[in-house]
Amino acid sequence: MAEKKSWVLMVTAQTPTNIAVIKYWGKRDESLILPINDSISVTLDPSHLCTTTTVAVSPGFTHDRMWLNGKEISLSGGRYQNCLREIRSRASDVEDEKKGIKIAKKDWENLHLHIASYNNFPTAAGLASSAAGFACLVYSLAKLMNVKEDNSQLSAIARQGSGSACRSLYGGFVKWIMGKDDNGSDSIAVQLVDEKHWDELVILIAVVSSRQKETSSTSGMRETVETSPLVLHRAKEVVPKRVVEMEEAIKSRNFPAFARLTCSDSNQFHAVCLDTSPPIFYMNDTSHRQAIWIISCVEKWNRSEGTPQVAYTFDAGPNAVLIARNRKVAALLLQRLLFHFPPQSDADLNSYIVGDKSVLMDAGIQDLKDVEALPPPPEIKDNVPTQKFKGDVSYFICTRPGRGPVLLTEESQALLNPETGLPK
């Protein structure tokens with residue numbers, strides 16, 4: 001190890017979040033986080049939804065420390081410790097000639113880490129923040145410690161932090177293979193297609209609430225596996241067939257099949273939650289009302305067109321994820337959403353629609369007056385009163401399929417001070 005005691009070596013990475021279209025719900029091993037079924041997700045564009053993590057090592061650090069969104073948190077939890085242990089055990093020699101730093105493989109066991117992580121979206125509100133967070137932690141630590149394993153092998157480590165995290169180590173569409181080995185070595189993520197394969201898709205997320213979930217995914221899954229007969233039928237009989245069909249739909253860009261499978265799997269996931277004892281409700285009164293209307297509007301629109309235009313899916317949280325088949329449909333979808341869920345009269349439209357604002361331009365909407373002037377969707381019958389739910393949605397995120405994790409090389413992008421290793 002370098003004799004100079006004041007050095008700090010850092011790596012910063014950015015990792016996307018993901019949304020499952022075939023859901024992961026239920027574990028066969030709690031400690032290793034091994035699922036009872038395969039799952040498939042789409043990675044979201046990290047310029048709109050991502051975690052940025054800086055990891056640093058120095059002989060001057062006295063113990064491992066972590067800051068999440070500017071607040072120091074404990075690293076004593078088993079999931080963090082599992083990831084740190086697994087990465088340290090795979091560390092290699094590291095040399096930074098510019099800084100005159102050499103770290104031998106054996107030295108990593110005695111060096112301490114500082115970790116700073118930031119989510120550009122609400123944490124623990126059902127937007128898979130833990131997936132992006134643990135994926136970014138593992139990816140950045142692997143780069144810092146010169147770990148030789150590829151992303152698929154790293155996914156088996158990220159999985160031990162948060163199951164869905166394994167899928168955030170790739171862009172595009174990703175499959176998490178449940179695996180059969182007791183040690184979890186074959187429970188890994190693999191990329192089905194990259195983000196360019198189906199790049200005409202547009203994803204709109206209606207964020208109903210950024211509050212933390214009342215029932216965490218971890219405790220919810222445990223209760224479901226222990227009490228729901230439906231989840232066992234789902235894992236054994238339903239999901240294996242759906243995964244095969246979904247892979248084919250994605251590879252052939254068959255949107256009608258993709259939409260049917262995505263909507264059906266979302267509906268069954270929430271049926272499984274209701275089949276749990278006591279039942280799990282991931283929707284509050286507002287989001288339940290919103291979900292009913294969104295599902296109804298999408299189903300009516302899809303039927304009126306004769307073929308699906310939009311798919312919907314709801315994860316373990318109150319927020320709706322809508323996948324439009326192309327940009328033209330996305331613009332029409334946004335018009336419908338803003339008609340039914342307009343912002344408050346004093347709202348800033350730029351804060352109400354975030355992410356890819358070009359969809360707003362495609363929809364012909366420049367200000368709140370344009371929102372107020374939107375006509376009812378044509379599939380609504382004339383004799384049916386139209387309902388509006390002003391204020392029910394906090395904001396909308398417009399995004400698309402995105403890439404996997406990357407290193408950020410600009411020092412200005414780091415979350416830790418390069419001299420002290422403490423948060424900036």
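## Helices α1 and α2

Helix α1 passes helix α2 in a right-handed crossing, and the contact between them is made by Arg79, Tyr80, Cys83, Leu84 and Ile87 on the α1 side and by Phe134, Leu137, Val138, Leu141 and Ala142 on the α2 side. This description, like everything that follows, rests on a predicted model. Helix α1 covers residues 78-89, and it packs against α2 at an angle of about 25°, with the two axes 10 Å apart. Because angles under 35 degrees count as roughly parallel, α1 and α2 are therefore described as roughly parallel to each other.

Helix α2 itself runs over residues 129-144, and its 16 residues reach 22 Å from the first C-alpha to the last, which is close to the 22 Å expected at 1.5 Å a residue. Of these 16 residues, 14 are buried, so α2 is largely enclosed by the rest of the structure.

With a relative accessibility of 29%, Asn146 counts as partly exposed.

## Helix α6 and its ends

Helix α6 is made of 21 residues, 255-275, which should span 30 Å at 1.5 Å a residue, and the 30 Å between its end C-alpha atoms agrees with that expectation. The N-terminal end of α6 is capped by Asn254, whose side chain places an oxygen 3.2 Å from the backbone nitrogen of Ala257.

Beyond the helix, in the loop between α6 and α7 (285-305), is Pro278. The peptide bond that joins Ser277 and Pro278 is cis, with omega at about -5°, whereas most peptide bonds are trans.

Within helix α6 is Asn267, which is partly exposed, having a relative accessible area of 37%. When its neighbours within four places in sequence are left aside, Asn267 is in contact with Ile295 and Tyr312. The C-alpha atom of Asn267 is separated by 30 Å from that of Arg79, a residue 188 places away along the chain; Arg79 is one of the α1 residues that take part in the contact with α2.

Arg234, by contrast, belongs to helix α5, which covers residues 229-251. Its relative accessibility is 1%, and since buried means under 20%, Arg234 counts as buried. Leaving aside neighbours within four places in sequence, the residues in contact with Arg234 are Lys23, Val239, Pro240, Arg242, Asp265, Gln268 and Val272. Among these partners, Asp265, Gln268 and Val272 have numbers that fall within the range of α6, residues 255-275, while Val239, Pro240 and Arg242 fall within the range of α5 itself, residues 229-251.

Notes. Residues are numbered from 1 along each chain as its sequence is written. This is a predicted model: local features need pLDDT of at least 70, side-chain atom pairs count only at pLDDT 80 or more; totals for chains, interfaces and linings use all residues. Side-chain values use heavy atoms; hydrogens and water are left out. Helices (H or I, at least four residues) and strands (E, at least two) are DSSP runs, numbered from the N terminus. The expected span of a helix is 1.5 Å times one less than its number of residues. Buried means under 20% relative accessible area, exposed over 50%, partly exposed in between (1.4 Å probe, protein chains only). A polar contact is a pair of N or O atoms within 3.5 Å; within protein, one must be able to donate a hydrogen and the other to accept it, and residues adjacent in sequence count only if both atoms are side-chain atoms. Axes are lines fitted to C-alpha atoms, for helices over the stretch in contact, and angles run from 0 to 180 degrees between N-to-C directions. Angles under 35 degrees count as roughly parallel, over 145 as roughly antiparallel, 65 to 115 as roughly perpendicular and the rest as oblique. A crossing is left-handed if the near helix is turned anticlockwise from the far one by less than a right angle, and right-handed if clockwise. Contact means heavy atoms within 4.5 Å.
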